[in-house]
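Keep the viewer open as you read.

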Amino acid sequence: MPADSGAQPRAGDSSFTSTAQPAANLPLDEPKDDIIGIRSKCPHFRILIIGRANAGKTTILKRVCNSVKGPEIYDVNGKKRGEHDIENQMIFKSNPGFIFHDSRGFESGGLEETEKVKNFIKTRAASSTLAEQLHAIWYCLPMADTTRPFLKADEDFFDLEGVGNVPVIAIFTKCDGLFTEIRGDLMADHPGMDPSELNTKGEEEVEKKLTSRFNKLQQHQFKPAAHVYTRGNVHSNEEYTECVKKLEQVTAGAITSEALQLLFVSVQCNNLDLCTFYAIKRFALTTAFLFQK
């Protein structure tokens with residue numbers, strides 16, 4: 001292993017929320033690099049994944065990388081390691097285009113752990129080399145405890161300042177318990193409701209509750225760009241795969257750099273629709289630029 005060198009949602013996709021502002025009506029810029037040029041400068045897409053123990057972080061990474069095995073871990077000098085540390089790189093053999101960093105111990109909420117995460121993000125943000133920068137953050141928030149969705153460590157993270165403009169995606173994980181609770185309330189209030197209607201209403205209420213929690217995070221200094229949620233048994237391919245696709249869609253949509261957007265889309269290997277969407281988008285932008293000249 002060498003030393004460290006470096007979505008667009010469908011219409012009506014209610015799992016996507018973004019704070020991005022619409023672009024001004026300005027002359028189009030010429031699309032810069034093709035993906036070969038981008039990958040030569042920055043061969044990996046770098047993600048920091050954050051979350052307390054048992055938040056479902058490893059499950060998400062395995063699904064994103066289409067792997068049944070855990071990652072291999074390397075330090076910044078490329079030496080293989082056995083333990084997690086935020087500076088160490090986690091790489092899956094099934095998809096080495098991603099480099100992941102894990103904020104191990106962050107959920108304890110201690111000052112040392114918080115400072116370590118903050119310094120890691122700030123150092124990466126200050127790098128002048130694209131390959132060494134942090135490109136996205138996935139923040140996992142388990143909803144298994146419906147009475148205590150956020151810990152103090154979570155609140156503190158979203159109050160961080162001076163950490164650049166890396167996009168943060170809030171991932172509400174393990175939402176089955178929340179759905180079961182809401183579905184039970186609906187059954188009690190509407191005992192004669194048709195099961196299919198019950199499920200539909202349950203999904204709507206889950207989304208409303210999670211959107212409300214996302215909106216609370218939006219009140220903090222370090223605002224997440226979007227949110228998704230996961231449901232379904234981790235071994236249920238169809239449902240969990242759809243969750244991963246939505247995560248990839250909103251991550252791509254939250255990236256403001258065209259080069260990084262292309263890099264992410266080329267590295268991910270689950271979502272052919274996403275590749276097609278951005279290929280068409282790039283073609284349309286190139287055509288519009290040529291006609292503008």
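At what angle do α5 and α6 pack, and how far apart are their axes? Before the answer, one caveat: what you're looking at is a predicted model. The angle comes to about 125 degrees, and the axes lie 9 Å apart. Angles from 65 to 115 degrees would count as roughly perpendicular and those over 145 as roughly antiparallel, so α5 and α6 end up oblique to each other. As for handedness, the two helices cross in the right-handed sense.

Now zoom in on the residues that make this contact. From α5 you'll find Leu 178, Phe 179, Ile 182, Arg 183, Leu 186 and Met 187. The α6 side includes Pro 195, Leu 198, Val 206 and Leu 210, along with Lys 201, Glu 203, Glu 205, Lys 209 and Arg 213. Sorted by class, the α5–α6 contact has nine nonpolar residues, six charged ones and two polar ones.

Stay on α6 for a moment, since Glu 205 turns up again in a charged pair. Side chains of opposite charge can pair when their charged atoms come close. Here Glu 205 forms a salt bridge with Lys 208, with 3.5 Å between the closest N and O atoms. Both residues belong to helix α6 (residues 195–217), where they are three residues apart, or about one turn of the helix. How open are they to solvent? Lys 208 has a relative accessible area of 54%, and the cut-off for exposed is over 50%, so Lys 208 is exposed. Glu 205 reaches 26%, so it counts as partly exposed.

Lys 152 is exposed at 59% relative accessible area, while Asp 156 is partly exposed at 23%.

Which parts of the chain does the salt bridge between Lys 93 and Glu 72 link? This pair has its N and O 3.5 Å apart. It ties together distant parts of the chain: Lys 93 sits in the loop between β4 (89–92) and β5 (95–102), and Glu 72 in strand β2 (residues 72–74), 21 residues away. Lys 93 is exposed, with 68% relative accessibility. There's a further partner to look for, too: through salt bridges that share partners, Glu 72, Lys 80 and Lys 93 join into one network. Across the model, the count comes to eight salt bridges.

Finally, have a look at the backbone in two loops. Asn 66 has a phi near 55 degrees, which is a positive value in a residue other than glycine. You'll find Asn 66 in the loop between α2 (57–64) and β2, partly exposed with a relative accessible area of 47%. Lys 174 also has a positive phi, near 55 degrees, and again this is a residue other than glycine. Its place is in the loop between β7 (168–173) and α5 (176–189), which brings you back to one of the helices you started with. At 38% relative accessibility, Lys 174 is partly exposed.

Key: Residues numbered from 1 in each chain as written. Predicted model: local features only at pLDDT ≥ 70, side-chain atom pairs only at ≥ 80, totals over all residues. Heavy atoms only, no water. Salt bridge = Lys/Arg side-chain N within 4 Å of Asp/Glu carboxyl O. Helix = DSSP H or I, 4+ residues; strand = E, 2+ residues; numbered from the N terminus. Buried < 20%, exposed > 50% of the residue type's maximum accessible area, 1.4 Å probe, protein only. Axes fitted to C-alpha atoms, helices over the stretch in contact; angles between N-to-C directions. Parallel < 35°, antiparallel > 145°, perpendicular 65-115°, else oblique. Left-handed = near helix turned anticlockwise from the far one by under 90°. Contact = heavy atoms within 4.5 Å. Nonpolar A, V, L, I, M, F, W, Y, C, P; charged D, E, K, R; others polar.
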